[in-house]
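Subject: Structure handover

Hi,

Here is the structure for you to take over. My notes on what turned up in it follow below.

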Amino acid sequence: MLSALGCPKSRGGCPDQRQPEEWEMEKSVQGPPGQPGGSRLVGGSYPQKNAEILSSQYGINLFLAGLLLMFAWAVHAVGIRKQDLLSYLITIMLIQLLWMLWYICRSYTQRRLIQEKDTHAGARWLKCGITLFAVITLILDSFKIGYFIGFSNCLSATEGIFPVTHAVHTLLQVYFLWCHAKDIIQSFKTLERFGVIHSVFTNLLLWTNGVLTESKHQLNEHKERLITLDDQVPECNCTTTLCSIFSQGMYYLYPFNIEYHILASTMLYVLWKNIGRKVEHHHQHKILFKFHGITVGMIFGLIVLISTIAVVVVYLIQMGRSKIKSELALTMFYLYGISVLTLMCATGIVALLIYRLEERSMDNSKNPARKLDADLLVGTASGSWPLSWGSILAIICAQSHPKYTWYNLPYSILVIIEKYIQNLFIIESILREEEKVNDNIKTLRIGTVSSGSTLSLTPSYKEIYTGAADMDNGKFPYMFDGNIYMRERSGGDGFDEVRSQASSPVTHSTSNFSLYSRNSVNNKRRILKNIAAFLFLCNLSLWIPPAFGCRPEYDNGLEEIVFGFEPWIIVVNLAMPFSIFYRMHSAASLFEVSCKT
């Protein structure tokens, strides 16, 4: 080929026509001289793979060290104080702050280094959600600062430094995620892998610290119902009049702080997985949320949400006042949960049946954001199931059964079934390919003419599917002498083939078919949107009770009798954060499903 064009066959005889990206690819994979091409490619991939493995191991060790510190502090290990744990958390937050500042400055001075973007990562609604949680987290930090000021005489300096550092960390991290969550980093990849994975596990440690602090508070509240115990307030006097407000208000804000850090860690993990990735460019449709067409799902979902708030308020007021009131509160909670979970199971099954009637392929592209969504749904659901199985086993093995405990059995079974069905629906929804028309299908237009005027004009197959009706860019099909002429356009060759046939009543039947197909597609889509909106509000509703202290696992007493107080408390404290996060992540995924459908 080169000889025919007048270029010599030698390497220096003709200018290299490759694109700069190909030069960069060759440079990154080229090995020592003399090796074959395949060996150069395999050898060149080792540094990147090694950097990924080393950075992940660094993050895991960082997390394990912090986790052991938290465990040692929680069990009152000798020589481990709270200020030691807070000093460790402050240090890793400062390291992340330095890395984020360096990354932001470098991205502004060398913008050409970051050209690729992952359109699936860092959705706008996800950024808005994490911003909301971050604002409430800043309020929590201000409460902690106020609490430290009130008890500054008996608290270490680290308890005042920690909320200040955390507030600065929160502000900069939210800005970083808004501006750079979609980046696909192609330079300084080894250094950036360590920086991003450090940020991931820093947020996981802050999440774990929030879970531990909130769990200790819940445990102490439970003990206070059994015996008079209050070891949370320092043995010194408060210097301000707002200490009680700060101390009580903090624990109502911890659920939002917990959600903030777990969402930040997932967005940063996607950024880490995207480092050095080559992406295929596809047209990305904008996801817009519209209230039109989801009125039924929103109404029923809001009814569930309002009912949930009422149930939680009554539960928290009645629980612990007397034995009869506590049993009535538990019975009310279980009956409410059974009703909501049954509705959620039914709607999820209807949605899956609608999907079975459609023939649409799944999106098998290796996208980290999509894979992480599915993994988080399955992983957090699995982490929360020990609560349900523990309750089921306790009911089966208990010697005596108070009347209200029997409602716990169907409730626990429905929790397992509902999460199973909902996971199937969400995962299939987010992995289904966008509706599109195959370009290989030939378009067909049929028209009839009588006395020089058009009597009917049926839409093309593409128009039947999308509901649009155009006239081929303003041009009519060929028509002559009252006969029907069909124009077939094969998708991309630019040539038209014209044929003539006798007039027939096929026009009306095709038009009726188009109307039926369009209505059928619209009806299915409307049902799915309403189901997604209903499940979205239901998951928000089921997030509220455990997040704000409504814990029947603590209060019914049956599991404690069977498993023992300490073992069951450990199970609850380990599984409950997964249950809380599962509901919030499911709500976020269902919001995306409702927008896409």
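**Overall picture**

The protein has 16 helices and 5 strands. Please keep in mind that this is a predicted model. The chain runs to 597 residues, and 46% of them are buried. The accessible surface is about 31,600 Å². Carbon and sulfur atoms account for 63% of that surface. Among contacts with a separation of 6 or more, 82% join residues 24 or more positions apart.

**Nonpolar cores**

As background, nonpolar side chains tend to be buried together in soluble globular proteins. In this model, the largest nonpolar core has 80 residues. Which members touch the most others? Leu89 and Phe176 do. Helix α7 (residues 243–273) supplies the largest share of this core, with 17 residues.

Leu89 deserves a look in your viewer. Leaving out residues up to four places away in sequence, Leu89 touches Met70, Phe162, Leu205, Leu206 and Asn209.

**Salt bridges**

The structure holds 5 salt bridges.

- Glu192 and Arg106 form one, with the closest N and O atoms 2.6 Å apart. This pair links distant parts of the chain: Glu192 is in helix α6 (residues 189–226), Arg106 is in helix α3 (residues 82–109), and they are 86 residues apart. Both Glu192 and Arg106 are buried.
- Glu428 and Arg356 meet through their side chains at 2.5 Å, N to O. Glu428 is buried, at 12% relative accessible area.
- Asp84 pairs with Arg81, with the closest N and O atoms 3.5 Å apart. Asp84 is partly exposed, with a relative accessible area of 24%. Arg81 also counts as partly exposed, at 47% relative accessibility.

Is Lys419 buried or exposed? Lys419 has a relative accessible area of 2%, so it counts as buried. Lys419 lies in helix α11. Its contacts are Ala381, Ser384, Trp385, Ser579, Tyr582 and Arg583, not counting residues up to four places away in sequence. Take Tyr582 from that list. Lys419 and Tyr582 are 163 residues apart in sequence, yet their C-alpha atoms are 9.1 Å apart in space.

Lys216 is found in helix α6. Lys216 has a relative accessible area of 24%, which makes it partly exposed. How far apart are Lys216 and Ala74 in sequence and in space? The two are 142 residues apart in sequence and 8.5 Å apart in space, C-alpha to C-alpha.

**A surface patch**

Val296, Ile299, Phe300 and Ile303 form a nonpolar patch on the surface. Together they have about 380 Å² of accessible area. Ile299 is in helix α8 (residues 295–318).

**Two buried polar residues**

Asn530 lies in helix α13 (residues 506–547). Asn530 is buried, with a relative accessible area of 14%. A polar atom of the Asn530 side chain lies 2.8 Å from the backbone nitrogen of Gly297.

Thr331 lies in helix α9 (residues 323–357). Its relative accessibility is 18%, so Thr331 counts as buried. Which residues does Thr331 touch, beyond those up to four places away in sequence? Tyr404 and Tyr407.

**Where to start**

I would open the view on the Glu192–Arg106 salt bridge. Then go to Lys419 and its contacts, among them Trp385 and Tyr582. Finish at the patch that includes Phe300.

Best wishes

How values were computed. Residues numbered from 1 in each chain as written. Predicted model: local features only at pLDDT ≥ 70, side-chain atom pairs only at ≥ 80, totals over all residues. Heavy atoms only, no water. Patch = residues over 30% accessible without salt bridge, like charges linked within 9 Å, V, L, I, M, F, W, Y side chains within 5 Å. Areas by Shrake-Rupley, 256 points an atom, 1.4 Å probe, with all protein chains shown as cover. Salt bridge = Lys/Arg side-chain N within 4 Å of Asp/Glu carboxyl O. Helix = DSSP H or I, 4+ residues; strand = E, 2+ residues; numbered from the N terminus. Buried < 20%, exposed > 50% of the residue type's maximum accessible area, 1.4 Å probe, protein only. Polar contact = N/O pair within 3.5 Å; in protein donor to acceptor, adjacent residues only side chain to side chain. Contact = heavy atoms within 4.5 Å. Core = buried A, V, L, I, M, F, W, Y, C linked by side-chain atoms within 4.5 Å.
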